[in-house]
Amino acid sequence: MSALRHRIGAVLRETPSPSPSTRDRVPNNGEEVQLVPVSKLEGLATKRRSKRRSWFIFGLGGLVGICLALFFANRQEVINLEGLIDFNLESFLDVIPAGIVKDAQDITKAERDAVNYDSFSVGLHLQAQGVSAHHPVIMIPGVISTGLESWGTGDKSRQYFRKRLWGSWSMMRALVLDKGSWKQHIVLDKTTGLDPPGIKLRAAQGFDATDFFITGYWIWNKILENLATIGYDPTNAFTAAYDWRLAYMNLEVRDRYFTKLKSYIETAHKTTGRKTCLVSHSMGGQVLFYFFKWVENPRYGNGGSDWVDKHVDSWINISGCMLGTAKGVPAVLSGEMKDTAQLNAFAVYGLEKFLSKEERASIFRAMPGISSMLPKGGNAVWGNMTWAPDDVSSPTKNASYGRFLSFQQPKNTSLIPPTNLTIEEALNYLFTTSEDWYSDQVQHAYSHGIAHTTSQVEANENIPRTWLNPLEARLPLAPNLKIFCFYGIGKPTERGYFYKHSTNPLHPNINLTIDTAYTSDSASPHSDAAAVDHGVIFGEGDGTVNLLSTGYMCTHGWRKIKRYNPANVSIKTYEMPHEPDRFNPRGGPNTGDHVDILGRSSLNDLILRIAGGKGDLVEENVVSRIREISERVGIRDEE
């Protein structure tokens, strides 16, 4: 192999690199910056490269591919990808002519810039209007978006020390080449819900923990760039990353997460003399709501009933799944991956390609934090077998969103379930048929009900498992707190499913699967009420979280039901229609997608205004049916 590499290197060194004189150069602070000529970019789609260069690259790629295949196959019928562990891609790139590498980098950068609108433009615009850093900002990310890195030093963990096993290319490498070890590291102990013996994964910290999922796939990066433009830096802006796999109380038990978050807020207030602006996304909204209950309680945070009012100016709740999300159910019920992985298609591909449905269901169940997003409120919120508050028209007998799981009548009536299920019934079925360790952990950590009276809400002040459910726990007694709910609308979002019984011997412990034979074009009982695509019924939302979940509490529950907001905290809602740029893979500056909305221009504008002390000028924008839907939800004020 070494001799082969030397021969390839000798051939490649004979290929001349492009002359520096052929590139445009402009001065920049005394340095020379190389630019790709405009003529080259314009001609990428029409001009062919020279035949000599094209045939050379084609021949080189074929030669190297054959050599690598022969080397790693090692007389085996099937190539073992674990042989690639010791392959050093960087050393291979060293022998490729610098000109070819540079051209590829230039083209890649040009394509990336073409779809990457100016992240700093929002901040520069507001800076010109006099908006500057005012309130300290603390950001609480959503589920899956925080990287997890290994700190174990045992025999099976040393190779991954301080490498991210979630949220990096190291994750994909481990998943492909060492799947068994990756699974051992990523799941939690089924008995304790904490670290398995000999394993130690922790949430990455700092801005690097949440700015990108993997290289090139931004999450919070655009918000950070715009915050920096108006004067924010690590002295007045922080991220409070957490291990999203843990049940909420275990965040405190293992990592002292809520104690640290309380300290961050108190320190920011003490050093600046100003209250804090808290910015949460997705599951981070539930975590923060739970924190408000924890910090007030004398048995836990012991901050007192006025702590939030003294330390927090505003809570910016972005895409908050306050009532859970329908797509959380199939993830833990049957390991389904039809749009159930919240982030990018690359991560979904990895799970689909290398993990079976049974493995996926087992992994999701062994992450109790994921189950915090199961739907809350039961039939009163999500509907019964013939009715749901968000039905798009007068429902027929079989065409309501309330029928959450639809089954073909099984020939064997002994199969369970024999009938269709509402969301409330689906959760009962999940907890009844799943392993005892899973149902015990989830039902001990979370509650999915409704408190219909003030006395019930007050009693729940001492029941931690109700603290993430805004239908059972009230907002803090903070009359000066301002809550801003920002979320996307107009993107088809999973609302129900057609299921069928499965007898696949490869999945002996999973007896249900989504019935992909059902589509809107088939004789579907839902076809007159909602879109159906390969067994998935779609409704209104941001592509991940249903409108009922993002909008109900913000437009109705906290505004019209006194027991949930006794201090009359100010609530403003700003909906953002999904208007994607079809040429931008992330949707562009007007996307309403659950994750990509973090790069939306209008969202960044609103965040900066609120952080800059101009939140009072933010106006509401409600354009969906959420107010009409909320009036139909079966929850009423006592008065």
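The model is a predicted one, and every value given here was computed from its coordinates.

**The sheet and its helices**

Six strands make up an open sheet, ordered β7-β3-β8-β9-β11-β16, and their pairing is parallel. At the edges stand β7 (237-239) and β16 (570-577), each of which has a single partner strand, so one side of each is left without a neighbour in the sheet. From one strand to the next, the twist averages 15 degrees.

Strand β3 (residues 137-140) pairs in the parallel sense with strand β8 (residues 276-281) over four bridges, and it pairs in the parallel sense with β7 over three bridges. Within these pairings, the bridge partner of Ile138 in β8 is Leu278, while in β7 the residue opposite Ile138 is Phe238. Further along, Ile140 has Ser280 of β8 as its bridge partner.

In a regular strand, side chains alternate between the two faces of the sheet. In β3, Val137 and Met139 point one way, whereas Ile138 and Ile140 point the other way, and all of them are buried.

Helix α12 lies across β3, β8 and β9 and runs at about 135 degrees to β8. Helix α21 (residues 547-560) lies across β9, β11 (482-489) and β16, and its direction is at about 150 degrees to β16.

**The nonpolar cores**

The largest nonpolar core holds 144 residues, and the members that touch the most others are Trp182, Trp244, Phe291 and Trp558. The element that gives the most to this core is helix α12 (residues 283-296), with nine residues. A second, separate core consists of six residues, among them Ala388, Tyr401, Phe498 and Ile537.

Which residues does Trp244 touch, not counting residues up to four places away in sequence? They are Val143, Ile144, Thr146, Leu148, Trp166, Met283, Met367, Gly369 and Ile370.

**Aromatic pairs and charges over rings**

A pair of aromatic rings is described by the distance of the centres and the angle of the planes.

| Pair | Centre to centre | Angle between planes | Arrangement |
|---|---|---|---|
| Phe291 and Trp307 | 5.8 Å | 80 degrees | edge-to-face |
| Phe292 and Trp315 | 5.7 Å | 80 degrees | edge-to-face |

Phe291 belongs to helix α12 and Trp307 to helix α13 (residues 307-311), so this pair ties together parts that are 16 residues apart in sequence; both Phe291 and Trp307 are buried. Phe292 also lies in helix α12, while Trp315 is part of strand β9 (residues 312-318), so the second pair ties together parts that are 23 residues apart in sequence. Both Phe292 and Trp315 are buried.

Charged side chains also sit over aromatic rings. The charged end of Arg365 is placed over the ring of Tyr438, 5.7 Å from its centre, and the charged end of Arg563 over the ring of Tyr564, 4.9 Å from its centre.

Ser371 is found in the loop between α16 (357-365) and α17 (378-382). Is this residue, Ser371, buried or exposed? Its relative accessibility is 1%, and because residues under 20% count as buried, Ser371 is classed as buried. When neighbours within four places in sequence are left aside, Ser371 is in contact with Val332, Tyr438, Val442, Tyr446 and His448.

The buried residues are Leu603, Asn604, Asp605, Leu606, Ile607, Leu608, Ile610 and Ala611.

The helix is followed by Gly613, whose phi is positive, near 85 degrees. Lys614 lies in the loop between α22 and α23 (626-632) and is partly exposed, with a relative accessible area of 37%. Although Lys614 and His134 are 480 residues apart in sequence, their C-alpha atoms are 9.3 Å apart in space.

How values were computed
Residues are numbered from 1 along each chain as its sequence is written. This is a predicted model: local features need pLDDT of at least 70, side-chain atom pairs count only at pLDDT 80 or more; totals for chains, interfaces and linings use all residues. Side-chain values use heavy atoms; hydrogens and water are left out. A nonpolar core is a set of buried Ala, Val, Leu, Ile, Met, Phe, Trp, Tyr and Cys residues joined through side-chain atoms within 4.5 Å. Buried means under 20% relative accessible area, exposed over 50%, partly exposed in between (1.4 Å probe, protein chains only). Helices (H or I, at least four residues) and strands (E, at least two) are DSSP runs, numbered from the N terminus. Contact means heavy atoms within 4.5 Å. Rings of Phe, Tyr and Trp (its six-membered ring) pair if their centres lie within 6.5 Å; planes under 30 degrees apart count as stacked, over 60 as edge-to-face and the rest as tilted. A charge sits over a ring if NZ of Lys or CZ of Arg is within 6 Å of the ring centre and within 35 degrees of the ring normal. Two strands pair if DSSP finds at least two bridges between them. Axes are lines fitted to C-alpha atoms, for helices over the stretch in contact, and angles run from 0 to 180 degrees between N-to-C directions.
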